[in-house]
Amino acid sequence: MSYHTCTPTKAHCLAISKAANRDDYLAMLDYYRETYQTDTPTDPALKTPGVPEIEASRTTSSMEDTSYKAKRCGVLPTTVTTMESGLGEHDSAIESLIHAVMDGGVSNEQIYQSYQALPFPGVSYLTQDIRRILLRRLSIMQKKVQNEILWYLSIVDDMKAAEIPLTKGEWNSAIHLAGRGFSKVSSLEVEFALRSWKEMEQEAGVSGNHVTFNILFDIAAKAGKFALAEMILKEMEARNLQLNRYAHVGLIYYYGLRSDGNGVRKAYRDLVNDGQIVDTAVLNCVIAALQHAGEIPAADQVYERMKIMHTRRTGRKLPTNCWTEARELGRVLNHAATAFHADPSKKEQLQDDQSLAPDFHTVVVLLTHHVSHTGELQRIATLLEDLQALGLPIRGRIFMELFRGFALHGRTHYSLWTRARLESVWNSFLGMVDNQTENVVVEKWIVIWAIRAFAKCGGAERTLEIWNELKSRWKRGDREEGVALGVLGVALNRLRAGGEVKW
């Protein structure tokens, strides 16, 4: 059994009148294929109000709510099949917890607070059904937040203390959260994940499956432990565990981290040849991997081809902006290759239904690269125009990256990152905050980079004015304010000392 076999195929030109075929998807990464330039058509009805417009020349250029909506997105059952009674004084706390886990509008924090009202170990007071739903609810989070991760892991510890077995899926979630709980994966997270896997197999007697090993591989790769990642792949092969869609995507990113552009292309071809579904999420991973491999023109070319494929495949829906819907779609596509193996026509239809259009994450991946490495304002302005043309929602992350760009590239000779443009972006940001635009709020990293941007381009007095305006709109904790005040202090000290402000 081998995980690395494929035969490259000559790309066919796309035709408007027919669905894209396997060769078309393979051709997305054919760097030597002719390059197309496209101007994404702008539908006025899709324009996003408030998107900052950046003119980069020298002559001064209704989506679903992304909050948790379990009832809408279908991630929870609506009934519980079993309940126990006669628990006396704790009935009220148990009932409160049951209502919380069954209500899709209740946050994870509220659920955990309800759970804490039970005596230790709280899981022993719950039925099996409620325990399963409780752990599932707490394992689903839009962003990996340390507190939420600890809530899940603490209930796992309670299960162990009560000697209640965990399911394979619950063990997998625990390993994932232990190893991927933070944006940067270190050796410590790798150690936690491997320890949890050892406990799962050797102490609990639960054998890992392909999901378990895909999680371990992903953690090892993102920590830069490439030898360990290869060992995990070999263990999968020894156990005859097939690569699923998630594992194929993980391999694409893995080769990017290893700066192996050809490996990225090979892993992508393997995904297509294995019959896996290609969608925006897969192509976003390809773009990020090629960037890591240092192949920026190739990454940009994939992006241009995504726009071409979208404009030529009329009637396709844009990728969903509901994170829970996207999560469930990923689960469906993960099983598609196996589920429709005996009926290729259904798999082809499912593939044809998938959007290949750039989504918000696509734009952010490209924008972040240009802010961090090239400082090419013209390219960034084009990406913002694409954001509007595709009808994608503006979010605070866009403003954070723009402020970061001014902090890194402003006030240098012949720079296009001028104070006038910074003030324009600032006014757009304040307007959207004051109009309570969804997903545009004052938060820590926006505050930090806005302070640094104005320190670089606007001077001490203007920086203090910006801080006061941010402060009046920021719902913050003492710790976050302390971090921001530290950044402000450093900026003002550098300005008053007359030195060059660098970040």
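The buried residues of helix H19 are covered by parts of the structure that include helix H17 (360-374), H18, helix H20 (419-434) and helix H21 (444-457), where helices are DSSP runs of H or I with at least four residues, numbered from the N terminus. The model is a predicted one, in which local features need pLDDT of at least 70 and side-chain atom pairs count only at pLDDT 80 or more, while totals for chains, interfaces and linings use all residues. Residues are numbered from 1 along each chain as its sequence is written, and side-chain values use heavy atoms, with hydrogens and water left out.

- H19 covers residues 396-409, and its 14 residues reach 20 Å from the first C-alpha to the last, close to the 20 Å expected at 1.5 Å a residue, the expected span being 1.5 Å times one less than the number of residues.
- Twelve of the 14 residues of H19 are buried, which leaves this helix mostly covered; buried means under 20% relative accessible area, exposed means over 50%, and partly exposed lies in between, with a 1.4 Å probe and protein chains only.
- Among the buried residues of H19 are Phe-399, Met-400, Glu-401, Phe-403, Arg-404 and His-409.

The model is a predicted one, in which local features need pLDDT of at least 70 and side-chain atom pairs count only at pLDDT 80 or more, while totals for chains, interfaces and linings use all residues. Residues are numbered from 1 along each chain as its sequence is written, and side-chain values use heavy atoms, with hydrogens and water left out.

- H19 covers residues 396-409, and its 14 residues reach 20 Å from the first C-alpha to the last, close to the 20 Å expected at 1.5 Å a residue, the expected span being 1.5 Å times one less than the number of residues.
- Twelve of the 14 residues of H19 are buried, and the helix is mostly covered; buried means under 20% relative accessible area, exposed means over 50%, and partly exposed lies in between, with a 1.4 Å probe and protein chains only.
- Among the buried residues of H19 are Phe-399, Met-400, Glu-401, Phe-403, Arg-404 and His-409.

- Val-371 lies in helix H17 and is buried, with a relative accessible area of 0%.
- Leaving aside neighbours within four places in sequence, Val-371 is in contact with Ile-380, Glu-401, Arg-404, Gly-405, Leu-408 and His-409, contact meaning heavy atoms within 4.5 Å.
- The C-alpha atoms of Val-371 and Arg-404 are separated by 7.2 Å, although these residues are 33 residues apart along the chain.
- Val-442 is found in the loop between H20 and H21, and it is buried with a relative accessible area of 8%.
- Beyond its neighbours within four places in sequence, Val-442 is in contact with Phe-429, Val-433, Val-447, Leu-470, Arg-473 and Trp-474; its C-alpha atom is separated by 6.6 Å from that of Arg-473, 31 residues apart along the chain.

- H7 (residues 168-180) has 13 residues and reaches 18 Å between its first and last C-alpha, close to the 18 Å expected at 1.5 Å a residue.
- The buried residues of H7 include Glu-170, Trp-171, Asn-172 and Ile-175, and what covers the buried residues of this helix includes helix H5 (128-139), helix H6 (146-161), helix H8 (187-203) and helix H9 (210-222).
- H7 and H8 pack at an angle of about 165° with their axes 7 Å apart, the axes being lines fitted to C-alpha atoms over the stretch in contact, with angles running from 0 to 180 degrees between N-to-C directions.
- H7 and H8 are therefore roughly antiparallel to each other, a term for angles over 145 degrees, whereas those under 35 count as roughly parallel, 65 to 115 as roughly perpendicular and the rest as oblique.
- Residues of H7 including Trp-171, Ile-175 and Ala-178 meet residues of H8 including Phe-192, Ala-193 and Trp-197.

**Loop residues**

- The peptide bond from Phe-120 to Pro-121 is cis, with omega near -15°, and Pro-121 lies in the loop between helix H4 (108-116) and H5.
- Glu-163, in the loop between H6 and H7, has a phi near 55°, a positive value in a residue other than glycine, and counts as exposed at 71% relative accessibility.
- Gln-436, in the loop between H20 and H21, has a positive phi near 55° and is likewise a residue other than glycine; at 70% relative accessibility, Gln-436 counts as exposed.

Terms used. Helix = DSSP H or I, 4+ residues; strand = E, 2+ residues; numbered from the N terminus.
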